[in-house]
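Subject: Structure handover

Hello,

Here is the structure I promised you. Please open it before you read on.

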Amino acid sequence: MTQKIFPEYLSLHSQNTSLVLELPAGEAPIWRYWGPRIRDEAPHDLRGSRPLPSFMLDFDQPLTLAPSFGVGWLGQSALLAHRNGQAFAQAFTQCDVHWEVPAQSVRVVLTDPVVAIELTVHLSMDHSSDVLTLKSSLRNLGETALDVQWLAAGTLLLPAQAQNVRSYAGQHNHEFLLQTDKLSRSLWRRESRRGRTSHDCFPGAVVTTEGTTESMGLVYGAHLAWSGNHQQTIEWLHDAQYQWQVGEWLAPGEGLLAAGATLHTPELVASCSSQGLNGLAANFHAELRARLNWPGGQMRPRPVHLNTWEGFYFDVYPDKVKELATAAAAVGVERFVLDDGWFHGRHHDRAALGDWWPDESKFPQGLGDLVAHVNALGMEFGLWFEPEMINPDSDLYRAHPDWALQLAGRPLITARNQLVLDIARPEVSDYLFEKIDALLSAQPIRYIKWDHNRDLTTAGLHDGAAGYRAQVHAAYALFARIRAAHPEVEIESCSGGGGRIDFGVLRHTHRVWTSDCIDAMSRVGIQRGFLQFFPPEIMGAHVGSARAHTTGRTQSMAFRAAVALPGHLGVELDARILSDADAAELKAWIQMYKDLRDRLHHGHVWQGTIDDGIVWQAHGDVDAAGMASDVLLLVYRTQPTHHRYSPRLPLPMLDTQAHYRVRQLVPAGTVLPTGAHNTAPFFDALNVGDGMTLDGGWLRHAGLPLPRAQAETAFIVQLTRV
Ligand code: DGJ
């Protein structure tokens, strides 16, 4: 057989990236390239450029878009399946390519006529965000059931320069805990079987290459848009490249496909950037922003919240709550959210989940009076639910014990005293819809905080089959049904803080509760990880009480507020008992947020650190050349300095050919430190009038001087190109 030098190939391009697959006849497409944009010219044929190694298969089998056992592939397969113990080795020998949008969106249909399956891999590259989306569907064309153990949403190629993988571990109260592993010939794998996105294992990662920094170097990122179990592996290949597979982790039996049935994977959202970690973050932010489904079609300025939880916990008696609302309105809050504790019998966390009507001892006349009070103060009203859960001690459970996910013959495993409802049962989701709909229809409730406070364990459906996957689909359907009935309502995804933050749930929701930990020091790290994938306007960020409930540490109002400021700001404390000085300070920070939120909530976010306990982030727009025009810079000093003189901060986004007006921003009424050790003429000048005009090249390369400051303080500066 004569080999063609220039075979058929398929390429997708975005503004800055390209993907190339080779299309040999009678095989799945061979992965050739994913990286910085290249020209649309035919590459040479892969097999023709790499002689066979010794003692290997006599036929070169490179990585394909759907690597599988049946072709002699020895690495991780994109598909693991069998038919009653047979047909375990699939091989796709037919490939049809259907373009939806030339060079941007394509369906690759792969068939294995022997095993009788058809795999469709959908690839789409977004021109402006540089985001590549993959999803797969497997159809059983045979006459018997096919048991699928694993079906990757997509298989990606990583180049040989890939060096480290940054993934996120964590737990309740500490999400987005960065874990960096060096890639090697060992298989790298992370998986989660908790039935939700999880605090412990974020479904995604970032792969860096040598020399990558926050603002430079080639990086790759991938994230599964899914709120259930997940798995990802990175595997070294014999040509020194790597394959990266991401998909849903299927519990035994969840992938059992009847004759004619199709299994659809969630979407894999991936991107690469030559602009380091911040460039990659910008791509994910742009993609998510394009996907968010806002009431009215577009985001309105993110209203300041007050959430009752840490102020009152379950003690939500109407008089107190009204007083809190009055105090909240006085400091500038715009949306008042009544958290847990308002519904029938809910006085602690041991009872009542499922009984979604107002508690008769707290709200004998219902919520109307409170909602009217909140509205009269000029605030929207929001209400907390945890729809997917049920306490054994509830009227609902007493009436329908079989509605909880469970396994016959096994004990019920509670967590936070609760069980999970089988919402894939239509009567269960109908019940929840009716209860939520009744409340939203009776009062002008414009916001739902939708919580989910436990992992799924023995998630058995009523027929004894595993119900993790069904649960996620049913939750999405319930979100969609409520949104369709109440399109003006925004929804927050909360799951014991950040246990359900992903692009899947964000098809239906508009904000996430980033963490139950409101300690500003902890939040600096949590928010840093969050912002790698998600934009700041959906990041619930609250000013808590001085002494953080979860860590016991105490921080100043200024530090708490400055850390929360760039996100979707809220307040979570008993505002009734603030001193006059604290209330005035909080009010000034809230006003500052209102003045800045338009700047904070679009455009780029750059983040970085200086090895002296300094963490910074900047928000701004860039011009066509990638240079920033108007930048809001937030610098957090987390530790006391180790230096006599503070290190300078180079600002890599600034235009070296421009000048910037630099002005320190402080909330009204703030008294800045004085005295020779605390300030210097430079910093005094940043606070007078329009501040100082400085050279962009100087600031970019030599850096901005930073004030001497104590630990747990912030320095906020606006830089405007003149
Ligand atoms: C967990 C959430 O993260 C908190 O904010 C609060 O809503 C509690 N659940 C209420 O039970």
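In what order do the six strands of the open sheet run? The order is S30-S31-S32-S35-S33-S34, and the pairing is antiparallel. Strands here are DSSP E runs of at least two residues, helices are H or I runs of at least four, and both are numbered from the N terminus. Two strands pair if DSSP finds at least two bridges between them.

Before going further, note that this is a predicted model: local features need pLDDT of at least 70, side-chain atom pairs count only at pLDDT 80 or more, and totals for chains, interfaces and linings use all residues. Residues are numbered from 1 along each chain as its sequence is written, and side-chain values use heavy atoms, with hydrogens and water left out.

The open sheet

Strand S30 (604–610) and strand S34 (692–695) stand at the edges. Each has a single partner strand, so one side of each has no neighbour in the sheet. S30 and strand S31 (residues 614–622) run antiparallel, joined by seven bridges. Gly608 stands opposite Trp616 in S31. Helix H8 (residues 520–533) packs on this sheet and touches S30 and S31 (contact means heavy atoms within 4.5 Å). The direction of H8 makes about 135 degrees with that of S30.

The barrel

There is also a closed barrel of eight strands, with parallel pairing. Its order is S20-S21-S22-S25-S26-S27-S28-S29. Here the twist averages 30 degrees from one strand to the next. Strand S20 (residues 305–307) pairs with strand S29 (residues 568–572) over two bridges, in the parallel sense. Leu306 stands opposite Val571 in S29. Helix H9 (residues 557–564) lies across strand S28 (539–544) and S29, at about 170 degrees to S28.

The ligand

Which residues come nearest to the ligand? Of the 13 around it (a heavy atom within 4 Å), they are Asp339, Asp340, Lys449, Asp451 and Asp516. An N or O atom in the side chain of Asp516 is 2.4 Å from an oxygen atom of the ligand. For Asp451, a polar side-chain atom lies 2.7 Å from a ligand nitrogen atom. The protein covers 98% of the 300 Å² of accessible area that the ligand has on its own (Shrake-Rupley method, 1.4 Å probe; for residues, only the protein chains shown count as cover).

Best wishes

Conventions: Axes are lines fitted to C-alpha atoms, for helices over the stretch in contact, and angles run from 0 to 180 degrees between N-to-C directions. A polar contact is a pair of N or O atoms within 3.5 Å; within protein, one must be able to donate a hydrogen and the other to accept it, and residues adjacent in sequence count only if both atoms are side-chain atoms.
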